[in-house]
Amino acid sequence: ALDKAMEGHAKFPKDTRLLLILSELSKATDQTNSAVAYLEKILNIKPDNVDAALALANLFLEIKDPGNARRVLLESERYGASSLQLEEMLAQINEAMGDDAGTIAALAKILEMNGDDEVRKKLARYLVKQGNYRDAIVHFEVLEQKSLITADLRQDFARSLKATGRIQEAVDVLKQLLKEDPGDYATARFLADIYLQKEDFFNAKIFLEAARRADTRDAQVHFLLGTCCLKLQDDKCAMESLQQAVTQDQEKLAYRVAYANLLFRLSRASAGKLKQAQLREARENFDYIVARYETDVTIAKSAQNADIYFNRGTILFETGHFNDALRDLDKAMTLAPSRYDILVAYADNLYKMNRYDQAIKYYQEMLDSKVQIAHAYFYLGKIHLFRGQREKAKAYLLKCIGNEPKAFPDAHRHLGDIFKEKGLRKKARDHYKTYLELVGDNGPAAEHVRSALRKL
């Protein structure tokens, strides 16, 4: 048969039907290269010959050359060749090669030719995968009208609804899916993410708990749940969740940062052994985090948490490590220059270390920034008292109570002492009485004030 075909080819070299037969006979006699050559000759003569294009593409696939198979089909397509079989083969090749854009193009043409809803489903999925939600939703709406949105499509359908601004519809679809399968981790996470974006922490917590029940090993779920609990002021839930997040992923700094700062905050209201345990664990985590901040060059300054230094500095100061505390507070101010609570703590720590000249500078900065003015006036008054500058002290203390009459009882006590020394008995009595009214009978200096009042 091959010999006869060759004779015919010699007489009619451009007969495409004969060339196609020659390619089939060459393939049948294991002459693959010749088969390819005959088919390519056909396409040179008639580029839109669909049969030759399909045969050549199949040959390339058999010799595991999908790239050339796709090339042949695309070239034929460009010359106007089109058939359902060609587009189906092109879709399969693109899918196997991971070419999502090519797969979408081929599927769209197949759908246009046969209107098959199974093709529509596949096309919608690929459009979602590519992030083309606007086109995907069109196909999902057609499928929904035909009641063809199956469980395996609902997540992608919901994703498209959400991306096109139809949030509540997306939520309704996902809730139905989760109702049918309460152990569906992905759907629970999706719902949680929607509510987190809306800052609806109550509902986010509900679905994060569902995700945690579905998979207890996901550290991020524990962390997000802890974050929600913090927003909802549920410290017990936050502590349990953040501790679990850190246990499961000890390298993730964000988890340690949240956990350490929570431990420190809770320690402020604790006492005894519990307080000491919380401070010890917080300090261990602070030390680990700071070490990472200072040795890992990939962590940008903007990504560092000022509270880590601020809280560790507070612990250091309370345990008598004053210089180390100031270094941490200085670092915290560098990271968060607009955080006036850090400025106040820094100034107070300088004051407690008797570094008055430096403290005055920061208290003055508080006054200039109009931050905790009464606090600044009070400590400036105290500094001048210690220096024996009674008139300056009096001026600052009067400004303190002028701004906050009841916040600093000791300001009244010190003013009482100053006015008593000046012989201004009525003013002294008034300030002493105000002090006692504010602190009660058990104030630390109550007995001294009562004694001074008796003498007056």
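Predicted model: local features only at pLDDT ≥ 70, side-chain atom pairs only at ≥ 80, totals over all residues.

Analyst: Residues are numbered from 1 along each chain as its sequence is written, and side-chain values use heavy atoms, without hydrogens and water.

User: Why is Q278 called buried?

Analyst: Buried means under 20% relative accessible area, exposed over 50% and partly exposed in between, with a 1.4 Å probe and protein chains only. Q278 has 11% relative accessibility and therefore counts as buried.

User: What is Q278 in contact with, leaving aside its neighbours within four places in sequence?

Analyst: Contact means heavy atoms within 4.5 Å. On that basis Q278 touches L263, L266, S267 and S270.

User: What makes the span of helix α14 close to the expected one?

Analyst: A helix is a DSSP run of H or I with at least four residues, numbered from the N terminus. The expected span is 1.5 Å times one less than the number of residues. Helix α14 (residues 219-231) has 13 residues, and its 19 Å from first to last C-alpha is close to the expected 18 Å.

User: Which residues of α14 are buried?

Analyst: They are A219, V221, H222, F223, L224, L225, G226, C228 and C229. Their cover includes α12 (185-197), α13 (201-214), α15 (235-248) and α16 (253-267).

User: Which residue follows α14 with a positive phi?

Analyst: Q233 does, with phi near 60°.

Methods: Helix = DSSP H or I, 4+ residues; strand = E, 2+ residues; numbered from the N terminus.
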